[in-house]
Amino acid sequence: MVSVLNTVDTGHEDMIHDAEMDYYGLRLATCSSDNSVKIFDLKNGTQSLVAELKGHIGPVWQVAWAHPKFGNLLASCSYDRKVIIWKELGEWTKVYEHTGHDSSVNSVAWAPHEFGLILACGSSDGSISILTNTGDAWHTQKIPNAHTIGCNAVSWCPAIDSGFDANATQQRSSPVKRLATGGCDNLVKIWKEEGDRWVEENKLEAHSDWVRDVAWAPAVGPSRVTLASCSQDRRVVVWTSNDYASWTPNVLNVFDDVIWNVSWSLTGGILAISGGDNKVSLWRENSEGQWTCISELNKGQGNLNSAADQRAL
C-alpha cells in the first residue's frame with residue numbers, strides 16, 4: 001500500500017487544473033480557474049506559500065518546471081491565449097510572455113535539458129509553438145494546423161542517441177528532437193525536427209474521441225521507446241516502437257469515465273492515470289507484456305490501496 005505523504009491546502013478560489021513538483025521535489029506549483037499560479041515550499045510534511053503569480057486573465061490550465069540548470073523557471077498557459085514564463089530573481093518575475101496563439105493554450109512542456117531551453121505549447125487554434133531561448137531573446141517556430149479543432153497535449157521524446165533512430169542519417173550523432181501531441185481529431189502525432197522546420201513523422205490512430213494527454217516514458221534502455229495516451233473514449237493506450245517508424249498500440253484498460261492525465265514514474269516502470277471518476281491508479285507492465293493495476297486512490301481516501309486490497313473490499 002502506498003501512503004499519501006502530504007495534503008496541500010492551496011487556497012485557490014476555484015478549480016485546480018494542474019499541480020507539478022519541481023526537479024528536486026521541494027517545490028510545488030499549482031494553477032487554477034481563479035487565474036493564478038501558486039508556488040509552495042514543501043518541507044517535513046508542511047507547506048508554505050512562496051509566491052502567487054498573477055499575469056493571466058483566464059483559467060490557467062497547466063504549469064511546467066524547467067530543468068534546474070536554467071535556474072528556477074516556470075511556464076504557465078491559459079485560456080487567455082497566453083504563455084507566461086516566470087523566473088525567480090529574488091522574487092518571482094515574468095520574464096517572457098508569448099501571445100502568438102488565437103485561442104486557448106492548453107499544454108506546455110519543456111524539452112529535455114540536453115537540447116537547451118526550449119518550450120512546446122499546444123493550443124485550441126490547432127497549432128503548436130516551439131519557443132527557443134537564444135540567450136537574450138526567445139525565438140518562435142510554429143507548426144500550423146497540427147490538429148484540426150485543437151491540440152490538447154504536448155510531450156517531448158527523451159534525448160536518445162541517434163544510433164537507435166532508424167530514420168537518422170549516419171552522419172548525425174546528436175539526439176533528434178521529437179514531440180508527441182494529442183488533439184481533438186482523436187489522433188496522437190509524432191513530430192520531428194528537420195533542419196529549421198518540424199515535420200509530421202507519424203500519425204497514431206487508436207482513440208475514438210478527443211485525446212486529452214500524451215506522455216513519453218523516460219528512456220530506460222536502448223531498444224524501445226514508449227508513449228502513453230489517454231482519451232475521452234475512456235481508454236489508455238501504451239504505444240511502443242523499436243525504430244520510430246512503426247508503432248504498436250496496446251490498450252491498457254477501458255475505464256468507467258473520461259481519462260484526463262497520464263504520467264510516468266522517473267524510471268518509466270509505473271504509469272499513473274487519473275480521470276473523471278476522481279480516482280488515481282498506478283499501473284505496471286509484467287514480464288508477459290500485460291499491464292496490471294498495482295494501486296488505486298479514491299477521492300477522500302488517505303491511502304493508495306493496492307489492487308489486492310481493493311478486491312477485498
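This report describes a predicted model of a protein chain, taking confidence, annotated repeats and local features in turn.

## Confidence

The chain has a mean pLDDT of 89. Of its residues, 89% reach 70 or more.

Residues 302-313 are a stretch where pLDDT stays under 50. For this stretch the model has 28 contacts beyond four places in sequence.

Residues 53-87 are 54% strand and 0% helix, and the C-alpha atoms at the ends of the span lie 11 Å apart. Residues 98-130 are 48% strand and 0% helix, with end C-alpha atoms that are 11 Å apart.

## A nonpolar surface patch

Tyr23, Tyr24 and Leu26 make up a nonpolar patch on the surface. Together they have about 390 Å² of accessible area. One of them, Leu26, sits in the loop that runs between β2 (16-21) and β3 (27-32).

## Positive phi angles

Most residues other than glycine have a negative phi. Asn35 has a positive value, near 75°. Asn35 lies in the loop between β3 and β4 (36-43). Its relative accessibility is 25%, so Asn35 counts as partly exposed.

Asn278 also has a positive phi, near 65°. The loop that holds Asn278 is between β23 (270-275) and β24 (279-285). Asn278 counts as partly exposed because its relative accessibility is 46%.

Key
Residues are numbered from 1 along each chain as its sequence is written. This is a predicted model: local features need pLDDT of at least 70, side-chain atom pairs count only at pLDDT 80 or more; totals for chains, interfaces and linings use all residues. Side-chain values use heavy atoms; hydrogens and water are left out. Patches are made of residues with over 30% relative accessible area and no salt bridge: like charges are joined within 9 Å, nonpolar side chains (Val, Leu, Ile, Met, Phe, Trp, Tyr) within 5 Å. Accessible areas come from the Shrake-Rupley method with a 1.4 Å probe; for residues, only the protein chains shown count as cover. A salt bridge is a side-chain nitrogen of Lys or Arg within 4 Å of a carboxyl oxygen of Asp or Glu. Helices (H or I, at least four residues) and strands (E, at least two) are DSSP runs, numbered from the N terminus. pLDDT is the predictor's confidence in each residue, from 0 to 100. Contact means heavy atoms within 4.5 Å. Buried means under 20% relative accessible area, exposed over 50%, partly exposed in between (1.4 Å probe, protein chains only).
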